[in-house]
2 protein chains.
Amino acid sequence: LTVPFPDRLESAIQAKNSRVCVGIDPRAARLPTEFRPPEGASVEAIASAIADWAIALLDVVAPLVPIVKPQIAFFEAYGAAGFHAFERTVAAARERGVLVLSDVKRGDIGSTSEAYAQGHFGHIGADAVTLNPYLGLDTLEPFLHWCRTAGKGMYVLVRTSNPGAADLQDLVVGDAKVHEHLAARLAEIGAGEGLMGASGVSSVGAVVGATYPEELAALRTVMPTTPLLVPGYGAQGGGAEGCRGAFLPGGRGAVVSSSRGITFAFGQGDHAERFGDPRWRESVEAAVVDMRDALNGVCTPAA
Amino acid sequence: LTVPFPDRLESAIQAKNSRVCVGIDPRAARLPTEFRPPEGASVEAIASAIADWAIALLDVVAPLVPIVKPQIAFFEAYGAAGFHAFERTVAAARERGVLVLSDVKRGDIGSTSEAYAQGHFGHIGADAVTLNPYLGLDTLEPFLHWCRTAGKGMYVLVRTSNPGAADLQDLVVGDAKVHEHLAARLAEIGAGEGLMGASGVSSVGAVVGATYPEELAALRTVMPTTPLLVPGYGAQGGGAEGCRGAFLPGGRGAVVSSSRGITFAFGQGDHAERFGDPRWRESVEAAVVDMRDALNGVCTPAA
């Protein structure tokens with residue numbers, strides 16, 4: 001029998017005592033020297049360097065985090081060669097026992113949505129994906145089917161951490177904002193037949209940024225069994241304290257993601273002095289451990 | 001000097017006297033026998049067959065339409081091999097003098113959005129892309145930069161043609177729906193510096209479905225210089241009459257897309273009898289010509 005995604009995630013969270021999701025956002029120019037492609041390298045050489053780096057990164061973070069989040073845009077920038085690098089990265093994470101949340105933010109209708117689900121769950125093998133709900137909740141159906149039948153998961157964009165997020169997400173409809181209406185609908189969908197895990201957490205998650213702690217806590221109340229992905233930690237300005245409201249008792253139900261703040265810390269500030277480029281692995285490890293401990297510090301005991 | 005996307009599109013519309021956008025949504029099982037991969041074919045073989053078919057399709061439609069719209073999901077379903085097939089399809093369209101609107105519905109923040117723009121405009125070479133606005137209008141900026149500096153275009157999802165579209169798009173905010181607020185903002189953005197073509201049409205377009213003709217006409221009023229992409233023709237139930245409101249005087253400012261209704265018509269209804277599988281090219285040509293003439297019939301003379 002297939003284990004539901006939320007149960008696989010909760011087990012990994014407990015086993016590693018870690019709520020950190022490492023975002024893998026490769027930028028060729030910022031890779032450690034060991035992997036950085038030379039000026040004028042071919043697209044294939046760049047894409048290959050990116051995958052090699054991502055796999056070395058996974059060797060470092062796999063024991064420390066339950067899940068990683070490769071951002072497909074940074075691979076897609078290199079077309080088919082980049083897509084191949086993305087596939088290598090996903091496969092390497094799975095081989096190392098880390099769950100994969102593919103940050104694809106796809107959203108389309110009917111059979112088009114099915115094709116995306118087939119690609120990311122079926123062909124590439126992600127454990128979960130991020131989805132964009134603007135086209136409507138019927139667009140989630142093909143992904144829900146994979147959740148029910150193949151133990152996959154999804155995180156639907158609800159409230160993002162960028163400055164322009166308010167443009168649509170915060171428009172006021174009656175007595176609540178657009179994203180609050182959406183949150184209520186997602187909680188309802190996620191409580192449906194075949195979607196709840198034995199852990200009491202659903203296969204239907206939500207993306208809620210760390211940049212507005214009060215909103216995060218309020219949305220947690222609206223979505224009591226929804227797993228949350230909380231971006232915006234570190235580079236985007238959110239801290240552990242601001243993530244407190246995301247967690248369920250026992251530090252369940254949420255993972256917090258950081259990308260550049262972990263992977264490229266070796267090139268900036270304090271870490272540049274402590275580690276620098278040749279010791280980038282130690283820099284990554286230290287950044288993950290710091291974040292892990294900071295997040296564990298805001299979790300409350302199991303009820 | 002780079003010619004703005006809307007001017008290139010308007011020239012092609014006039015030159016071919018056609019407002020048809022052929023959607024390229026490959027489904028392996030529905031390809032003409034000539035291209036259909038055998039049961040159990042490898043992913044690479046399927047992806048290759050899809051590209052071969054798409055290129056043969058382009059040979060038929062290139063003289064008849066200004067623009068084609070490959071739907072990336074049906075390629076992405078096959079991972080890197082599918083992405084390679086997508087690149088071959090885009091390149092083949094450009095070689096045949098047809099503009100390419102890559103239907104990718106991407107939407108992400110900051111440098112992630114930049115990476116998508118680099119991939120689809122820079123690396124793959126699309127003339128325009130579809131974008132999802134849920135994350136906010138700041139997410140359009142990297143794409144706007146390509147519009148201003150490289151003659152590219154974008155179509156932002158406003159009102160889609162699927163049953164669930166109303167879930168978020170039709171929520172009522174003050175005296176207007178979410179999608180109407182969005183339309184007004186897009187019209188404003190599209191009128192900005194460096195985005196208007198000499199044709200009086202902007203580089204910033206909108207996707208508005210053909211399934212609600214009154215809405216389409218109302219949105220045209222809110223967005224008087226916005227190029228429209230109108231999906232939902234044919235297979236999804238919209239007809240030429242329902243598209244009337246999309247066009248500016250002289251049949252300018254809009255293209256209407258159809259995918260299965262053109263490409264796979266040979267396998268169904270009337271066309272199955274008239275043409276059948278071996279004569280799929282004639283079926284495609286007849287379907288495009290019928291749609292072209294029907295749309296031209298609802299256009300009004302230039303003002």
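**View 1. The contact between chain B and chain A.** In this predicted model, the contact draws on 57 residues from chain B and on 57 residues from chain A. The size of an interface is often given as the accessible area lost when the parts come together. Between them, chain B and chain A bury about 4,400 Å², and 59% of that area lies on carbon and sulfur atoms.

**View 2. The relation of the two copies.** Chain B is superposed on chain A by a rotation of 180° with 0.0 Å of shift along its axis, and the RMSD of this superposition is 0.0 Å. That is the relation of a two-fold axis. Of the interface residues of chain B, 100% are also interface residues in chain A, so the copies meet through the same surface.

**View 3. Polar contacts and salt bridges across the interface.** Between chain B and chain A the count of salt bridges is six, and one of these joins the side chains of Arg106(B) and Glu76(A), with an N to O distance of 2.9 Å. Across the interface of chain B and chain A, 27 residue pairs are in polar contact, with both residues of each pair at pLDDT 80 or more.

**View 4. The elements on the side of chain B that touches chain A.** Several helices and strands of chain B each supply at least two residues to the side that touches chain A, among them helix H4 (79-95), strand S3 (99-106), helix H5 (110-123), strand S5 (153-159) and helix H8 (178-190). Also included are helix H3 (73-76), helix H7 (166-169) and strand S6 (172-173) of chain B. The largest share of this side of chain B comes from H5(B), which contributes eight residues. Sorted by class, the side of chain B that touches chain A holds 26 nonpolar, 21 polar and ten charged residues.

View 5. Most residues other than glycine have a negative phi. Lys105(A), although it is not a glycine, has a positive phi of about 45°, and Lys105(A) is found in strand S3 of chain A, which spans residues 99-106. With a relative accessible area of 9%, Lys105(A) is buried, because buried here means under 20% relative accessible area. In the other chain, Lys105(B) likewise has a positive phi, near 45°, in a residue other than glycine, and Lys105(B) lies in strand S3 of chain B. Lys105(B) is buried as well, with a relative accessible area of 10%.

Notes. Residues numbered from 1 in each chain as written. Chains lettered and ligands numbered in written order. Predicted model: local features only at pLDDT ≥ 70, side-chain atom pairs only at ≥ 80, totals over all residues. Heavy atoms only, no water. Contact = heavy atoms within 4.5 Å. Buried area = accessible area lost by both parts, 1.4 Å probe. Salt bridge = Lys/Arg side-chain N within 4 Å of Asp/Glu carboxyl O. Polar contact = N/O pair within 3.5 Å; in protein donor to acceptor, adjacent residues only side chain to side chain. Helix = DSSP H or I, 4+ residues; strand = E, 2+ residues; numbered from the N terminus. Nonpolar A, V, L, I, M, F, W, Y, C, P; charged D, E, K, R; others polar. Least-squares fit on C-alpha atoms with pLDDT ≥ 70 in both. Buried < 20%, exposed > 50% of the residue type's maximum accessible area, 1.4 Å probe, protein only.
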